[in-house]
Amino acid sequence: MTEIEFLSWVRGPGFQIASVIFVFGVIVRLFEILMLGRKANLAEANGSEMSGGVRTIFSRMAPESDTFKRSRFTIVVGYIFHIGLFIVIFLFAPHILLITEVTGVGWSALPTPIVDMAAVITMIALAAVLLHRVKDPVMQYLARMEDYLVWLVTFLPMVTGYLAFHRMGLPAPSLLALHILSIELLMVLFPFTKLMHAFTFILSRWYNGAIAGYKGVRS
Amino acid sequence: MSARLEQAVHALKEQIDAPVASFLSSCVHCGMCADACLFYTETGDPKYTPIVKVEPLRRVWEQEFTFMGQLKKKLGLAKPITDEFLAEWESKVYDSCTMCGRCSMVCPVGNDITYMIRKTREGMAVSGHVPEGLVGATTRAVTIGSPMGVKFPALQAQIKHVEKDYGFKVPVDVEGAEYLCMLSSMEIMNFPEYIGAIAKIFDHAGVSWTLSSKAFEATNSGIQIGVSDIASELVQRIVSEAERLKVKAVISPECGHAYTAIRWEGPNLVGKKFGFKVRHILEVLDELRKEGRLVTEGMEEGRLTYHDPCQIGRRGGVLEQPRNLINMLVSDYVEMPDGGKMNWCCGAGGGVSTIESADEVRLKVFQRKKDQMEAVDAEGLISACSNCRIHIEDGLEEYHMDIPVLSLTETLAEHLVDKE
Amino acid sequence: MKKHITEAEPIGDDDTLGAALRRQGVSRRSFLKFCAATASMMALPPSMVPAIAKALERAKRPSVIWLSFQECTGCTESLTRAHTATVESLIFDSISLDYHHTLQAAAGHAAEEAREAAMRENFGKYLLVIDGSIPVGNPGYSTIAGISNLDMLLETAKGAAAIIPVGTCAAYGGIPQADPNPTGAASVADLITDKPIINVPGCPPIPVVITGVLTHFLTFGTLPELDQLGRPKAFYGQSIHDRCYRRPFYDKGQFAETFDDEGARKGWCLYKLGCKGPTSYNACATTKWNGGTSFPIESGHPCLGCSEPKFWDGGSFYKALSIPTTEVARDALYAGAAAIAVGSALGMKNRASSKQAKAEHQKVSVDDLNKED
């Protein structure tokens with residue numbers, strides 16, 4: 001297979017397979033979770049589940065001051081790489097073209113040098129996250145193979161994307177193909193790993209806020 | 001797999017619902033829950049990381065309710081639930097968790113970890129990997145009627161003292177009273193002043209209330225050990241009495257988990273909505289205050305602070321009421337850092353106070369409360385949970401601190417103007 | 001990659017390239033200029049210019065057989081209809097083009113006889129240039145004088161010193177091979193594996209590239225260094241994107257969104273309009289076309305990537321490289337619909353399993369807690 005055929009494959013059948021698995025997997029997982037349902041609460045309510053749930057979806061973005069003090073590294077670096085990923089994934093012109101092509105929805109891109117900078121910062125933050133995972137006793141205690149796998153499949157598209165944009169190391173079609181392939185890997189693994197949190201965090205926060213809201217507590 | 005282990009897995013399976021599935025799908029192992037848990041912050045030992053405590057529940061969820069997990073199980077790749085594993089988890093699930101709910105407040109993806117630990121205990125209790133002290137307390141609660149083995153005659157003796165001291169009758173088994181007042185054994189045994197205090201306040205405010213000779217115990221070891229069947233039986237005793245006496249509301253005493261047991265879990269445990277309301281004593285008192293039925297005189301001296309019992313505040317929703325009442329009684333009130341819904345647990349809730357093997361760690365993590373009090377230079381501490389009070393007194397003694405620990409209800413009673 | 005090719009023995013001075021050029025009236029000065037230009041194009045040091053000149057002067061006019069298969073004559077047009085008479089075209093004229101459908105005067109049997117004669121006389125020494133792909137699925141799709149393209153290729157290739165597939169059809173299959181490839185078109189390299197092959201792809205290729213390859217062959221008697229797609233690195237070593245004068249706009253993220261917007265007028269990057277420059281390797285951006293006048297991107301049209309294999313099947317010419325070439329939206333909808341069905345089924349199974357667990361609940365009593373194992 002020549003590199004251009006490799007590129008054709010990842011842009012064609014590869015992406016097709018990956019997006020089918022991604023969409024299929026994510027929806028199946030959400031059904032698997034939501035259809036379990038939960039018992040109706042028979043206790044007299046002291047507040048609204050809905051407003052508590054919706055509130056917590058947003059309020060969890062702003063940690064309490066003590067939480068911030070105690071988990072400063074996790075919060076700051078976590079914010080950096082999440083925002084960085086958002087910028088790189090959703091505000092880079094070529095990526096928006098893809099999204100627009102598939103969904104019909106589009107928006108304007110950030111200037112490329114800003115995205116480039118965001119990519120570098122994101123990669124540094126991700127490297128710091130890995131280091132934290134390896135060094136911190138709690139993170140180490142919690143770590144499973146899956147945590148490293150998830151880190152890797154998040155990091156790979158960043159690196160390959162960066163190299164592809166700057167055209168370093170390999171011929172351009174190979175770089176672009178590897179970049180797309182790494183995203184396809186991410187998409188395929190997404191529904192079956194904790195990458196799912198990108199969707200389920202909304203459910204979790206809602207349930208958390210609803211359970212507390214029912215009792216009149218803002219969680 | 002032994003029958004008991006099988007029953008444990010089955011019990012865990014029964015506990016899984018959509019919130020659990022979303023929580024477990026969302027956890028990214030960020031470790032922030034550890035930073036929110038006093039068992040970790042005060043020991044620095046990662047084994048106390050809250051989310052790890054729910055591992056038994058997680059395994060059952062993964063293996064029974066996810067497609068990939070079922071596949072892994074079929075291929076023999078899933079981590080099995082064994083007796084050794086549950087034995088190792090016993091101290092994590094019981095000794096070092098007070099179900100205070102602080103981790104549930106900080107999880108960035110919104111996991112209610114406490115909700116899951118409560119559920120995990122359902123499996124642990126059945127498996128037999130459960131602390132003796134908790135089994136003993138539960139057994140006494142069911143067979144004798146109180147986890148401390150207190151029977152009605154003991155309460156009767158306290159009632160007599162109160163009647164003698166105040167010169168009025170304490171109502172017992174009065175049909176048609178507005179409120180049925182519950183007590184915790186700790187109040188009967190350690191803080192009988194509480195009984196006098198409510199008698200005095202209700203007399204002062206002209207509240208119609210009663211105690212019950214058949215159901216006076218508000219605490220519920222069933223929800224602490226994690227056996228809903230037992231918890232339900234204990235709640236049913238109160239429900240039956242409330243219905244027999246035709247009261248409008250049941251008052252939960254100054255006890256944290258009792259409030260959760262009757263107010264929030266109660267109807268769900270017995271499987272029907274209550275025909276009466278359930279209120280915490282502080283809610284009732286604040287209501288009386290609003291109605292102008294409490295006339296007080298004088299203020300407490302010294303710089304006082306308030307310790308929010310987790311099950312009453314963060315997990316119960318009674319956060320403003322104590323502060324409204326304290327405003328009436330304390331001139332130099334100071335809020336501890338993180339006071340309110342983010343308050344730190346005393347370290348002995350959720351059944352931990354009954355677990356002997358947890359004594360050491362319980363006192364060690366009291367350091368957190370000590371730091372909190374020292375940060376505001378408190379000269380006295382008010383709370384509204386006898387279990388918190390006993391443990392805080394214990395902790396203060398351990399750390400050689402001479403700070404009085406007061407009951408909010410009792411403090412209020414002391415400041416009431418005598419009836420003309 | 002370099003393979004030595006037996007140099008043809010010079011028969012007489014008249015047969016050398018130098019003599020032929022002189023006959024055409026090419027001055028020494030413009031000849032040296034050409035040599036210098038060629039040297040720089042092939043990234044050779046200036047000190048090599050005299051050597052190139054000397055070698056070219058003395059080189060025997062090689063016999064060239066040009067076979068045209070499934071093609072459009074565009075490649076020939078590109079080479080012969082140069083805007084002005086250049087040294088390149090004169091070099092081209094100087095070879096001994098013994099057989100070329102379009103250009104030769106002979107026709108019918110006479111033409112085939114010329115080919116056979118050239119093969120006989122220069123067996124093992126002639127260059128074989130091919131344009132067009134070869135129908136293998138059904139050889140009847142393209143025949144010349146009753147001979148199928150495949151047979152003619154195999155027969156003519158036997159005595160060739162080297163084969164130069166000119167144009168993307170001959171090099172990689174090109175348009176005839178595009179999906180669904182009705183003729184079963186194949187490239188030269190698909191069929192010939194025992195001869196040196198120098199691919200000169202492009203639709204059409206740049207004229208100077210073909211003469212450059214010839215020059216290299218004549219000068220050094222070797223094949224130029226080739227990339228993994230068999231293209232001379234000297235001409236195909238850099239991507240259009242890397243040499244594009246619009247590259248700074250790409251780097252800044254300034255793109256033309258349509259062919260007539262402000263960006264297009266300002267000459268911004270054509271990435272969003274489907275430019276394949278980033279993945280296409282050719283010399284267009286440096287040598288340009290029509291005597292160095294311009295190249296597609298300069299005239300406002302995105303690069304089609306015509307010098308790359310499968311360029312016709314790489315999705316729309318007007319869709320950006322980041323856009324998948326398959327119908328992802330449609331497939332995702334189907335996948336979503338299937339997922340709702342499967343998810344509901346799994347969800348129902350979960351519900352049933354949970355319900356059953358609750359139904360089978362064994363009441364736990366204090367006795368159970370106090371049970372000894």
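**Entry 1**

I started with E5(B) and strand E6 (residues 380-383) of chain B, which pair in the parallel sense over three bridges. My terms here: strands (E, at least two residues) and helices (H or I, at least four) are DSSP runs, numbered from the N terminus, and two strands pair if DSSP finds at least two bridges between them. Before going on, I noted that this is a predicted model, where local features need pLDDT of at least 70 and side-chain atom pairs count only at pLDDT 80 or more, while totals for chains, interfaces and linings use all residues. I also noted that residues are numbered from 1 along each chain as its sequence is written, that chains are lettered from A and ligands numbered from 1 in the order in which they are written, and that side-chain values use heavy atoms, with hydrogens and water left out.

Which residue stands opposite Leu304(B) in E6(B)? I found Gly380(B) there. The whole sheet is open, has three strands in the order E5-E6-E7 (chain B), and is paired in parallel. Strand E5 (304-306) and strand E7 (405-407) of chain B are at the edges with a single partner strand each, so one side of each has no neighbour in the sheet. On average, neighbouring strands of this sheet are turned by 30° against each other, direction ignored. I reminded myself that strands of a sheet pair through backbone hydrogen bonds, either parallel or antiparallel.

**Entry 2: a four-strand sheet in chain B**

Next I looked up an open sheet of four strands, order E2-E1-E3-E4 (chain B), also with parallel pairing. Its edge strands are strand E2 (209-210) and strand E4 (277-280) of chain B, each pairing on one side only. Strand E1 (residues 179-181) of chain B is joined to E2(B) by two bridges, and they run parallel. Leu180(B) has Thr210(B) as its bridge partner in E2(B).

Helix H17 (residues 256-270) of chain B does, touching strand E3 (249-252) and E4 of chain B, and its direction makes about 160° with that of E4(B). Contact means heavy atoms within 4.5 Å; axes are lines fitted to C-alpha atoms, for helices over the stretch in contact, and angles run from 0 to 180 degrees between N-to-C directions. Helix H18 (residues 281-290) of chain B lies across E1, E3 and E4 of chain B and runs at about 85° to E4(B).

**Entry 3: chain A by itself**

How many helices and strands are there in chain A? I got ten helices and zero strands. The C-alpha atoms of chain A fill a box of roughly 65 × 35 × 35 Å along the principal axes.

**Entry 4: where chain B meets chain A**

I found 61 residues of chain B in contact with 47 residues of chain A. The area buried between them is about 4600 Å², with carbon and sulfur atoms giving 58%. Buried area is the accessible area (1.4 Å probe) that two parts lose on being put together, summed over both.

Chain B and chain A share four salt bridges, a salt bridge being a side-chain nitrogen of Lys or Arg within 4 Å of a carboxyl oxygen of Asp or Glu. Glu64(A) makes a salt bridge with Lys341(B), with the closest N and O atoms 3.9 Å apart. On the chain B side, helix H2 (residues 18-26) of chain B gives the largest share, seven residues. That side of chain B divides into 28 nonpolar, 16 polar and 17 charged residues. (Nonpolar is Ala, Val, Leu, Ile, Met, Phe, Trp, Tyr, Cys and Pro; charged is Asp, Glu, Lys and Arg; the others, Gly among them, are polar.)

**Entry 5: where chain A meets chain C**

Here 37 residues of chain A are in contact with 48 residues of chain C. The buried area is about 3600 Å², and carbon and sulfur atoms give 66% of it. In chain A, Arg11(A), Met35(A) and Arg167(A) lose the most area to chain C, together 20% of what that side buries.

I counted two salt bridges between chain A and chain C. Arg167(A) turns up again, forming a salt bridge with Asp242(C) at 2.6 Å between the closest N and O atoms. H1(A) gives the largest share of the chain A side, 18 residues. The residues of that side divide into 24 nonpolar, seven polar and six charged.

**Entry 6: salt bridges overall**

Over all chains, the structure holds 53 salt bridges. I picked one inside chain B: the side chains of Glu55(B) and Arg59(B) meet at 2.9 Å, N to O. Glu55(B) and Arg59(B) are separated by about one helical turn because they are four residues apart in helix H6 (residues 55-65) of chain B.
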